[in-house]
Amino acid sequence: MTKKPTKAALPSATGAKAKMPEASEEAAAPASNRAARAAERRAAIVEAALEEFIARGFAATRLDDIAKRAGVAKGTIYLHFKDKESMFEELVRIVIVPVVERLTTLPPPTGSVRDLVEAFATNFLKEVANTRRGDLVRLIVAEGPRFPAVADFYYREVVSRGIAGMRALIELGIARGEIREKNLARFPQILVAPALTAVIWQSLFARHAPLDAQAMLRVHLDLIFGERRTT
């Protein structure tokens, strides 16, 4: 005859199975909360770093000031970044790189190359020149020579991608006969010169001589593509 399990044995076996999901959920919840809090602290540190770098410059910015602005202990910063340079690199990746990637992703070449270039430069002026991103670019221009590692990083992550995108547009324009000067492909910097000029001009001379960057861009494109005909 088969021996029936005792009443004491049933709860222990079934109870263990019933509690396992609850224990797992309880363990997962704190881990998820910790991850969320860590992400919030990291975002606060990056935001504080942006403000401090722009206000003080790269050289004068101290981790103590960033920690104070972010509302965290200085030691918390080292949980996320090894030093000021790595923090600045993260800032560039978050603030600038996505914009450059978006602007340099070429759509199917259905319209004219001039239209593509004008759209790129217009969006650059809108999203960079007159925003905090522009302040960050101006900071790199001002302090890059004293901090080659920062300049090198910015070149790799931002400038080289922008140059590649502009060169591709120029080569497309040459192939279509829209651009006559074939040597322009050697110097794609020329194509975006008005946008970069606007970034620098905005902070230095705008109060003396406001610049209509959009109008300057149109004149610049007329020089490259020929004057746009109106009907």
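A residue counts as buried when its relative accessible area is under 20%, as exposed when that area is over 50%, and as partly exposed in between, using a 1.4 Å probe and protein chains only. At 10% relative accessibility, Glu143 therefore counts as buried. This is a predicted model, in which local features need pLDDT of at least 70 and side-chain atom pairs count only at pLDDT 80 or more, while totals for chains, interfaces and linings use all residues. Residues are numbered from 1 along each chain as its sequence is written, and side-chain values use heavy atoms, with hydrogens and water left out.

Let us stay with Glu143 for a moment. Glu143 is found in helix 7 (residues 132–143); helices here are DSSP runs of H or I with at least four residues, numbered from the N terminus. Leaving aside neighbours within four places in sequence, Glu143 is in contact (heavy atoms within 4.5 Å) with Gly57, Phe58 and Ala59.

Lys84 brings us to helix 4. The expected span of a helix is 1.5 Å times one less than its number of residues, so the twelve residues of helix 4 (residues 84–95) should span 16 Å, in agreement with the 16 Å between its end C-alpha atoms. Among the buried residues of helix 4 are Lys84, Phe88 and Val92.

Of its 58 residues, Ile77, Phe88, Val92, Ile96 and Leu136 touch the most other members. The largest share of this core, nine residues, comes from helix 6 (residues 113–129).

Now for the rings. Phe, Tyr and Trp rings (for Trp, the six-membered one) pair if their centres lie within 6.5 Å, with planes under 30 degrees apart counted as stacked, over 60 as edge-to-face and the rest as tilted. The structure holds six aromatic pairs. The rings of Phe53 and Phe88 have centres 5.2 Å apart and planes at 85 degrees, so this pair is edge-to-face. Because Phe53 lies in helix 1 (residues 9–56) and Phe88 in helix 4, the pair ties together parts 35 residues apart in sequence. Ring pairs link Phe53, Phe58, Phe88 and Phe147 into a cluster.

Note on methods. Helix = DSSP H or I, 4+ residues; strand = E, 2+ residues; numbered from the N terminus. Core = buried A, V, L, I, M, F, W, Y, C linked by side-chain atoms within 4.5 Å.
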